[in-house]
Amino acid sequence: MMKVPIFFAAGQNQLELVYIWEKATPEGKAIIFCLIIFSVMAWFVMISKYLQMRQAKKLNQYFTAEFRSQKGVLDVFDRKVQAEGCPLFMVYKAGSVELDARLKTPDGGRKRLVSIKGIEHVKRTMENAVAQESLKLESGLILLAIAVSGAPFLGLLGTVWGVMSTFGHIAQQGSATMAAMAPGVSAALITTVAGLLVAIPSMFGYNWLVHNLRVLTVELDNFAQEIISKMETEYLED
């Protein structure tokens with residue numbers, strides 16, 4: 001008799017999963033439910049952070065081109081340009097507001113030059129803005145880190161608990177046949193599979209997002225240094 005190939009047995013595999021689920025202990029089902037919640041949260045974070053970082057990169061490119069096309073360092077600020085959601089603009093805005101406050105005269109005009117102490121205040125303000133923007137981009141990544149490190153352990157907990165329950169049940173029955181052990185062990189192992197299905201995508205997503213976060217942070221630092229250099233060239237006293 002001809003054997004049916006494995007790839008034609010999808011319906012049977014689905015029935016096996018249903019059978020394993022039915023044989024799982026209440027504790028195992030509760031752990032799988034928690035892992036499903038972790039998975040939904042992890043995918044939400046990965047998608048939302050990806051969209052946020054992609055938008056930040058685009059806005060950074062637009063703002064960098066606009067800033068470098070101006071002659072003066074405060075030209076964009078004086079035009080009252082707004083670019084919410086752009087990390088580079090927020091750093092530039094923080095520095096420009098501080099520099100403008102240092103240059104203002106009582107009659108509403110601007111002084112021509114600013115002291116070294118004033119430039120140092122501007123520099124610290126921009127460093128603080130860089131840190132704040134980095135924290136905004138980093139927010140939410142802790143959930144992915146928890147999913148990566150916690151999901152496998154939750155799955156392992158469910159497996160150990162299920163195997164323990166299976167052996168306890170077999171000891172009470174006094175029967176150690178394969179037919180008596182297999183359903184409980186297979187149901188226990190499904191929690192480990194669920195934990196890995198949560199942790200593996202979260203691990204790849206977390207590493208990718210952390211890499212992009214580092215790139216954006218370096219861009220923020222470099223841009224802040226560029227702005228400070230231009231401010232010193234235009235407004236610092238000799």
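Colleague: What should I know before reading the values?

Modeller: In this predicted model, local features need pLDDT of at least 70 and side-chain atom pairs count only at pLDDT 80 or more, while totals for chains, interfaces and linings use all residues. Residues are numbered from 1 along each chain as its sequence is written, and side-chain values use heavy atoms, with hydrogens and water left out.

Colleague: At what angle do the axes of helix 2 and helix 5 cross?

Modeller: Helices are DSSP runs (H or I, at least four residues), numbered from the N terminus, and axes are lines fitted to C-alpha atoms over the stretch in contact, with angles from 0 to 180 degrees between N-to-C directions. Here the axes of helix 2 (residues 26-68) and helix 5 (residues 116-138) cross at roughly 145° and come within 10 Å.

Colleague: Which residues meet there?

Modeller: Contact means heavy atoms within 4.5 Å; Lys49, Gln52, Met53 and Ala56 of helix 2 meet Lys136, Leu137 and Glu138 of helix 5.

Colleague: How does Ser48 read?

Modeller: Ser48, which lies in helix 2, is partly exposed because its relative accessible area is 28%. Ser48 and Gly140 are 92 residues apart in sequence, yet their C-alpha atoms are 9.4 Å apart in space.

Definitions and conventions. Helix = DSSP H or I, 4+ residues; strand = E, 2+ residues; numbered from the N terminus. Buried < 20%, exposed > 50% of the residue type's maximum accessible area, 1.4 Å probe, protein only.
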